[in-house]
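Here is a short briefing to read alongside the model. Please keep the sequence and the 3D view open as you go.

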Amino acid sequence: MTAEANIPARSRTISRPFVWMLSGLRRMPLLVTLSIAFLTLMLVVTVFGRFLQPYAFEQIDLLARMKPPAPLEGFTWTHPLGTDKLGRDLLSRLIVGAQTSMALTLLGTVVGAIIGITLGFVAAHKGRWWDEAIMAAVDFQAAMPWFIVALAVLAFMGNSMIVFLMLMGLYGWEGYARITRGLVLSAREQGYALAVHGLGATPRWIYLRHVLPNIAGPLLVQLTINFPSTILFETSLSFLGLGIRPPMTSLGQMLGEGRDYLISAWWLAVVPGTVIFLTTLSMSILGDWLRARLDPSLEN
Amino acid sequence: MTWLPVRLARAALTMWLVVTFVFVVLRLTGDPAAILLPDDIDAQTLAFYREKWGLADPLWQQYLKYWAGLLHGDFGISFRNDMDAFALVWERVPKTALLGGTALGIALFIGIPAGILAAIWKDSWIDRTIMTSAVFGFSMPNFFLGILLILAFSLRLRWLPSSGSGTWAHLVLPAITLGTGFAAQIARYSRSSMIEVLSRAYMRTASSKGTGPVRRVALHAIPNAAVPVVTVLGIQVGQLLGWAVVTETVFAWPGIGRLLTHSVALRDLAVVQCIMILLALTMVTSNMIVDILYGWLDPRVRVGAGTAQK
């Protein structure tokens, strides 16, 4: 699948990740630096979320309703991003909403990756009926627009956080499974895997210690492709009023609420929407950069 | 020539899985009659409706009946307004087809030339501009793009309507919203596919034969670069339908997507089920067509896949 020539290069970069990362920093384009900075900020919000909010995000103040955000006429420094129809502080809601969206997306991405990578290994290793069954499941998953399945399932199962998490975890696993299976099948035939096998290593040892690190690059790229679509999955469902619902909040839920006030208070929709956009944008820029660095063969 | 039967068997298996999945998920989530009818209803009425909707039988009988119904084109009765579920869905199909088709047209019309230009002038400012716009384009959530377009063109400039579907003007904003992300994705795929093809030996052969650059690109590169792009398109059709749900909701476009969100809110089982099965059928068919096109564009696939599948 890949040319023989770039295999040693890839295993070298993976075996010394820190040296590789540092050598990358010097030549990093400005957009990539900005993306990493923004994603770091989002991670800080995800970890510390509720400690950072200036007000409790659900605190109602009917005397300060629909205040505009900072540069607009009539704003106050007590609410730098303004307030919504119930006088709740938009900055606090944004922080908590971003925390919810990010935490769910990270969890969903990781669960999807684990399921997909495991099944990909199983399909490649067991072959025959296992392979057929797993690939049939992959076809099935790819045949159903998962967003629509989620819509139906959530409607009939009701507002359950566990169901929502399961749906997010199952979103996108087939991509990892397909890539892992292909990569494992081709990696198995390469010198290093055959050599370790000849030394008497068990399949599990070969896969975990030798094959997985060698195919980590393409899987990492798949992660950066999957992450933006997972956050869009969460925000779209919450936007439609499924997924995260009041009294909880997420970026999509805020945008859905703000949509009703486009004429009188456009910022209620535009502020959370911008945060979603910047998150997916940063992840895509970072992903493109990683892909170009990890797999030079893609570029020419 | 085992290629086509194998492909058909796979499509049939996928369809069976989808139909069964829909049945299992929608039936195992509780008693639909109890969910649909008011809480204070008496047991006799409940039993009447359970009987009427065929919910009183054992599950395996329901499953067989459900299949028998589907094969006769009977998708059940909408619980809410007693209309044939299929008829309800079918009358929305033209609207979604119009929106989806226009969006796909926009995506192809912008995406393919953009990708080709970027590949030809790789690493130039043209390439960088196109690819940077593409990253912005597919990172933009379409519900947010829709809202921004409404703010700009409906509320501020007052050029275009923000909701409904009466005239051609109503189609503009939703089609742009739905098409932008796809244009960006198609541009990326066309670019990488073109770059690969342009570096092949037969392109050098063509050039040394004295074939001019326009002819080289149009007759040698584009047909070869089209193969992977077509495959990707087939996969994207499902995504397009998924995002159409959101776009239709934002613009109050009366298509399948809005019917789905509406039916989901009302828990109208038969309609949701019908939409899901029709969507899966659309997806499986479009993937089949893509595979056949693929075999037609690239004869190696026909032969290769036939031998690979033992």
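Along its sequence, chain A runs α-α-α-α-α-α-α-α-α-α-α-α, which comes to twelve helices and zero strands. Helices here are DSSP runs of H or I with at least four residues, strands are runs of E with at least two, and both are numbered from the N terminus. You are looking at a predicted model, where local features need pLDDT of at least 70, side-chain atom pairs count only at pLDDT 80 or more, and totals for chains, interfaces and linings use all residues. Residues are numbered from 1 along each chain as its sequence is written, chains are lettered from A and ligands numbered from 1 in the order written, and side-chain values use heavy atoms, with hydrogens and water left out.

**Chain A as a whole**

- Of the 300 residues in chain A, 51% are buried (under 20% relative accessible area; exposed is over 50% and partly exposed lies in between, with a 1.4 Å probe and protein chains only).
- Among the chain A contacts with a separation of 6 or more, 73% link residues 24 or more positions apart; a contact means heavy atoms within 4.5 Å.
- The accessible surface of chain A is about 14,000 Å², and 69% of that belongs to carbon and sulfur atoms (Shrake-Rupley method, 1.4 Å probe; for residues, only the protein chains shown count as cover).

**Domains of chain B**

- Chain B splits into domain 1 (4-90) and domain 2 (93-254), with bounds from an automatic or database domain assignment.
- The C-alpha centres of domain 1 and domain 2 of chain B are 38 Å apart.

**Salt bridges within chain A**

- Over all chains, the structure holds six salt bridges, each a side-chain nitrogen of Lys or Arg within 4 Å of a carboxyl oxygen of Asp or Glu.
- One of them pairs A:R88 with A:E257, with the closest N and O atoms 3.5 Å apart.
- A:R88 sits in the loop between α3 (30-52) and α4 (90-126) and A:E257 in helix α11 (residues 251-258), so this pair ties together parts of chain A that are 169 residues apart in sequence.
- A:R88 is buried, at 11% relative accessible area.
- Another joins the side chains of A:D131 and A:R181, at 2.7 Å from N to O.
- Because A:D131 belongs to helix α5 (residues 128-143) and A:R181 to helix α8 (residues 173-188), the pair ties together parts of chain A 50 residues apart in sequence.
- A:D131 is buried too, with a relative accessible area of 15%.

**A link between the chains**

- A:D288 forms a salt bridge with B:R188, their closest N and O atoms being 2.9 Å apart.
- A:D288 lies in helix α12 (residues 267-294) of chain A and B:R188 in helix α9 (residues 169-198) of chain B, so the pair joins two chains.
- A:D288 is partly exposed, at 23% relative accessibility.
- Shared partners join A:D288, A:R291 and B:R188 into one salt-bridge network.
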